[in-house]
Amino acid sequence: MSSTTSSHFKSLPLHPPLSERYITSSASELSYHILEAGSKGNPLVLLVHGFPELAYSWRKCMPGFAEAGYYTVAVDQRGYGRTTGWDTSSFEEVDLGTFSVTNLVRDLVVLVNALGYRQVDCIVGHDFGSVTASLCALTRPDFFHKVVLMSHPFKGSPTLPFDVSSKTESIPKRDIHHDLASLPNPRKHYKWYYSTRDANSDMAASDGLQEFLRAYFYLKSADWTGNNPHPLEAWTAEELAKMPLYYIMPLDSGMRESVRKELDNGVNESQRWLSDFELDV
């Protein structure tokens with residue numbers, strides 16, 4: 001293992017007990033960017049961010065873990081932030097297999113070993129990070145001893161077609177994307193949108209990026225009165241259409257336009273918990 005600072009990036013605006021560094025290992029092609037707090041040798045808590053987030057998203061939580069006696073590490077996942085070495089090919093040429101969930105689990109096992117640990121006392125995932133965290137605990141319970149999932153439920157282990165060897169006909173699966181597009185006010189699922197070529201240019205364009213991200217995070221917060229979480233009655237287009245536009249988007253809109261359609265004057269409330277200075281990171 002080697003530990004370095006990177007000349008490619010400016011140092012993050014961190015305050016004690018937080019610090020940052022870059023970790024490499026011969027077992028991985030990645031150069032991991034991590035934040036850490038607490039004393040090495042204490043039980044390890046590993047924090048895994050969601051989308052669109054970074055290890056920096058955990059900055060306000062990490063001092064509390066350190067004060068409680070944990071060595072706490074937050075990492076930029078493969079494909080995010082200052083971690084490098086992953087496939088940056090074009091949309092048409094990128095090898096999506098390198099971003100498989102088994103690779104995401106292995107990334108963290110390699111990192112933890114590189115840090116000098118043989119187990120994680122607790123792995124905490126938020127949003128998409130909960131997918132990584134849950135599968136870490138599922139595939140390596142000997143290594144990841146406890147798991148906490150935030151804002152994303154565990155949906156069960158992947159399933160395969162079952163008891164199909166003697167059947168000649170299969171029941172067609174509901175095409176939820178077709179059903180959404182066929183609504184009187186056509187819609188689309190945000191995860192489907194994020195898998196399209198246009199999503200990256202829409203989400204990451206530098207022009208107006210800070211304003212967009214502030215609005216995006218505000219709409220997903222408890223400050224936005226339009227949020228009313230409740231169970232849906234079924235996995236149907238009509239039920240899904242009850243969700244906010246940042247989840248079930250207008251068919252012909254990108255995410256920026258979808259967010260603008262929901263935005264109200266309360267967006268400035270987000271300054272209480274996300275300053276412009278922090279958002280610039």
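These legends walk you through a few close-up views of a predicted model. Residues are numbered from 1 along each chain as its sequence is written. In this predicted model, local features need pLDDT of at least 70 and side-chain atom pairs count only at pLDDT 80 or more, while totals for chains, interfaces and linings use all residues; side-chain values use heavy atoms, with hydrogens and water left out.

**View 1. The largest nonpolar core has 27 residues.** A nonpolar core is a set of buried Ala, Val, Leu, Ile, Met, Phe, Trp, Tyr and Cys residues joined through side-chain atoms within 4.5 Å, where buried means under 20% relative accessible area (1.4 Å probe, protein chains only). Two or more residues each come from β3 (31-37), β4 (44-48), β5 (71-75), α2 (101-114) and α3 (128-139). With seven residues, α2 gives the most. Helices (H or I, at least four residues) and strands (E, at least two) are DSSP runs, numbered from the N terminus.

**View 2. Here we meet Phe 144, which together with Ile 123 has the most contacts inside the largest core.** Leaving aside residues up to four places away in sequence, Phe 144 touches Leu 46, Leu 108, Val 109, Val 120, Ile 123, Cys 136 and Ala 137. Contact means heavy atoms within 4.5 Å.

**View 3. A second, separate core has 18 residues.** Among them are Phe 212, Leu 213, Tyr 246 and Val 267. In soluble globular proteins, nonpolar side chains tend to be buried together.

Methods:
Buried < 20%, exposed > 50% of the residue type's maximum accessible area, 1.4 Å probe, protein only.
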